[in-house]
Amino acid sequence: MAYAAELAVVIFLAVYALIVSEKIHRTIAAILGASFLFIFGITDQTEAVRAIDFNTLGLLIGMMMIVAITAETGLFRFAAIWTVKKTRGKPLLALAAFCLITAFASAFLDNVTTVLLIVPVTFSICRMLGISPLPFLLMEIFASNIGGTATLIGDPPNLMIGSANRELTFMAFLDNLSIICLIILALVFLFVALLYRKQLRSAKDRHLNLASLDAKEEITDKVLLIKCLFVLCLTIGGFFAHQWLHMETATIALIGAFLLLLLTGGKSLERAFAGVEWPTIFFFIGLFVLVSGLVKTGVIAGLAREALALTGGSTLNTSFLILWFSGLASAFVDNIPLVAAMIPLIKEMGKLGLTQLDPVWWSLSLGACLGGNGTLIGASANVVVSAMAAKEGVHISFARFLLIGFPVMLISLAASSVYLYLRYFG
């Protein structure tokens, strides 16, 4: 239809404005926005269903169910006490520990899986120390997105890039991206620690008797714990081997969830389903459909082509432009369709004579993955953590996250620019 692209952009921006204003719940805004795409004939139900990333949704649902059952055992409280004792009750040391654990886990597991396991422990430890969980939650979001950038399997855009260029192996990703990810993680940690230095002083640390704390006492159901740990190990092992198993991560997570329900005799069925953040699931559905409208009408591809036309055939200029374009764009739209649009354009540039393509591929990976830290809806982990925080009475607004996340994204992209120049062009 005429003006389809313009309408798709207007609807997307209108939904975005509603999300930012928080006048209505973001899930309602996203679903209503997606509905308008149907009303104006921009897309239909078949195309919309095809645009929904059911792998992401299945992974979310499966892991949320596993976490909900595991929470019944007291494991998260156990982990919190253990961390408090190891860090001597010092909030800054605890923040550093959670930062490193989250980043390392996200390099090998899906970011959403990592934060689903880390966040419950975070709330336990912050309650014990009498401090706000906000700096911990933000740092865990940032660390999950940074850690996921470092490896081939850490983030979906990297998997897509690796599939598009078979020369970019697991070791190639580690060799080219792990160093800069460590540098960025250190810079972001310093930024967050400095920003929240007053909140990272425990209100109870002078009265907290660490010697009296016994982590083992927190385990309330040892039999259930053994079953949960067994299923968790199987599930995480499946994530590592999903390429060889020829199974998607969603399939593995859902199998794990229902295997655990089977092992518990179905006693935790209602609690498991109650543990699923259904508003978050439907928010993602609406967002996938909204972005599909921009993809179908050629808006994303058109922006990418215009951006690449500005480089004048220079590998250096192309690398920098793709880094910043994909980074800024990924803060506002899902990075999966963005990367899907950029991959054929980069390949075409290779056919047109751009011989040194490796820096361009690494630029796309860094931009698409690190850009997710820019806004609250920039990455799946951001949305999941904010939803979990809301259930605990901690509100992370779009504007509040933007004030911290956008500078973090700029720091990350600036550090990446220096790294790309020194490593490939210096």
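**Exercise 1.** Is Arg423 buried, partly exposed or exposed, and what is the relative accessible area of Arg423?

*Solution.* The model is predicted: local features need pLDDT of at least 70 and side-chain atom pairs count only at pLDDT 80 or more, while totals for chains, interfaces and linings use all residues. Residues are numbered from 1 along each chain as its sequence is written, and side-chain values use heavy atoms, with hydrogens and water left out.

Step 1. Apply the classes: buried is under 20% relative accessible area, exposed is over 50%, and partly exposed lies in between (1.4 Å probe, protein chains only).
Step 2. Arg423 has a relative accessible area of 34% and is partly exposed.
Step 3. The side chain of Arg423 meets that of Asp175 in a salt bridge (3.2 Å, N to O); the term requires a side-chain nitrogen of Lys or Arg within 4 Å of a carboxyl oxygen of Asp or Glu.
Step 4. This pair links distant parts of the chain, with Arg423 in helix α21 and Asp175 in helix α10 (residues 170-195), 248 residues apart. Helices (H or I, at least four residues) and strands (E, at least two) are DSSP runs, numbered from the N terminus.
Step 5. Asp175 is also partly exposed, at 44%.

**Exercise 2.** State how many salt bridges the structure holds, and locate the pair formed by Glu72 and Arg271.

*Solution.* 
Step 1. There are five salt bridges in the structure.
Step 2. Between the side chains of Glu72 and Arg271, the N to O distance is 3.0 Å.
Step 3. Glu72 is partly exposed, with a relative accessible area of 27%, whereas Arg271 is exposed at 52%.
Step 4. Another salt bridge joins Glu392 and Arg127, whose closest N and O atoms are 3.2 Å apart.

**Exercise 3.** Which residues form the nonpolar patch on the surface, and which helix supplies its largest share?

*Solution.* 
Step 1. Patches are made of residues with over 30% relative accessible area and no salt bridge; like charges are joined within 9 Å, and nonpolar side chains (Val, Leu, Ile, Met, Phe, Trp, Tyr) within 5 Å.
Step 2. The members are Leu18, Ile24, Ile28, Leu32, Phe36, Ile39 and Phe40, with about 610 Å² of accessible area together, by the Shrake-Rupley method with a 1.4 Å probe, where for residues only the protein chains shown count as cover.
Step 3. Helix α2 (residues 26-39) contributes the largest share, four residues.
Step 4. Ile39 is found in helix α2 and is exposed, at 61%.

**Exercise 4.** Classify the ring pairs Phe36 with Phe40 and Phe173 with Trp362.

*Solution.* 
Step 1. Rings of Phe, Tyr and Trp (its six-membered ring) pair if their centres lie within 6.5 Å; planes under 30 degrees apart are stacked, over 60 edge-to-face, and the rest tilted.
Step 2. For Phe36 and Phe40 the centres are 6.2 Å apart and the planes at 25°, so the pair is stacked.
Step 3. For Phe173 and Trp362 the centres are 5.0 Å apart and the planes at 85°, so the pair is edge-to-face.
Step 4. Phe173 and Trp362 are both buried.
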